[in-house]
Amino acid sequence: MKSILLLLLLFIASGELIISSTATPTDFIRTSCNATRYPTLCIQSLSSYATAVRRDPRQLARAALNVSAEHARAASAFVSRVAANGSKSLKGREAGAVKDCVENMADSEEQLRRSVKEMGRMGSGEFAWHVSNVQTWVSAALTDVNTCMDGLGKGKKKKKEYYSDDVGVVGIRKKVVVVAQTISNALALVNRMASLNN
């Protein structure tokens, strides 16, 4: 009877270890995302990468950059469609802002793609130099996105901030805000990775 109980306890214990080991990458992502400005979005967007990331800060930062680049690509395509299809309804400053936003989003995507490639070169030495490049490019990508958002709607009307109610412009802002948040999170994870390697 004692041997059966002992076997049962060992089985339960091994089961807990298995559960614990499979949950560990997700816990690592959750803990890492707590250091970002938008932790909920961070966890949602990176949880599917848990198996590939494991507990590697470098892989997590690279995954975050990939997610940001994909969001930037989708937003860039959307902005281009609005610029092409909404040119008749958009006028003056608004039309110019959307046109500028097309360029901003394309630049942002390119900076993020460069950052992802640079992350892949970190194993070749000169870690600090590669990290510095990534930080510079991700910061530039975030600046591009913020420039797009600023151009799309900040103005003063009765001392209150207002935004265009054009459907296309509203759609752009929604997508671009998410891009800005994912880039902010990616930059935080890159900085965290850099600090852990110091």
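## About the model

This is a predicted model, in which local features need pLDDT of at least 70 and side-chain atom pairs count only at pLDDT 80 or more, while totals for chains, interfaces and linings use all residues. Residues are numbered from 1 along each chain as its sequence is written, and side-chain values use heavy atoms, with hydrogens and water left out.

## Overall build

The protein has 7 helices and 2 strands. Both kinds of element are DSSP runs numbered from the N terminus, with helices (H or I) of at least four residues and strands (E) of at least two. Reading from the N terminus, the order is α-α-α-α-α-α-β-β-α.

Of the 198 residues in the protein, 40% are buried. Here, buried means under 20% relative accessible area, exposed means over 50%, and partly exposed lies in between, using a 1.4 Å probe and protein chains only. The accessible surface comes to about 11,500 Å², and carbon and sulfur atoms hold 56% of that surface. Such areas come from the Shrake-Rupley method with a 1.4 Å probe; for residues, only the protein chains shown count as cover. As for contacts (heavy atoms within 4.5 Å), take those with a separation of 6 or more: 72% of them are between residues 24 or more positions apart.

A salt bridge, as counted here, is a side-chain nitrogen of Lys or Arg within 4 Å of a carboxyl oxygen of Asp or Glu. Side chains of opposite charge can pair when their charged atoms come close. The structure holds 5 salt bridges. E70 and R73 both sit in helix 4 (residues 57–85), and because they are 3 residues apart, about one helical turn separates them. Both are partly exposed: E70 has a relative accessibility of 37%, and R73 has a relative accessible area of 39%.

E70 has another salt-bridge partner in R113, with 2.7 Å between the closest N and O atoms. This pair links distant parts of the chain, since R113 lies in helix 5 and E70 in helix 4, 43 residues apart. R113 is partly exposed too, with a relative accessible area of 25%. Through shared partners, salt bridges join E70, R73, E109 and R113 into one network.

R30 is partly exposed at a relative accessible area of 37%, and D27 is partly exposed at 36% relative accessibility.

## Disulfides

A disulfide is a covalent bond between the sulfur atoms of two cysteines. In this model, the call rests on a pair of cysteine sulfur atoms within 2.5 Å, and by this rule the count comes to 2 disulfides. With the bonded cysteines numbered in sequence order, the pairing is 1-2, 3-4.

Another disulfide joins C101 to C148, with 1.7 Å from S to S. At -50 degrees about the S-S bond, this link is left-handed. C101 lies in helix 5 (residues 92–120) and C148 in helix 6 (residues 127–151), so the pair ties together parts that are 47 residues apart in sequence. C101 counts as buried at 0% relative accessibility, and C148 counts as buried at 1%.

What does N197 touch, not counting residues up to four places away in sequence? The answer is R58 and F127. N197 is placed in the segment after helix 7 (167–196), and at a relative accessible area of 42%, N197 is partly exposed. The C-alpha atoms of N197 and A128 are 9.0 Å apart, while the two residues are 69 residues apart along the chain.
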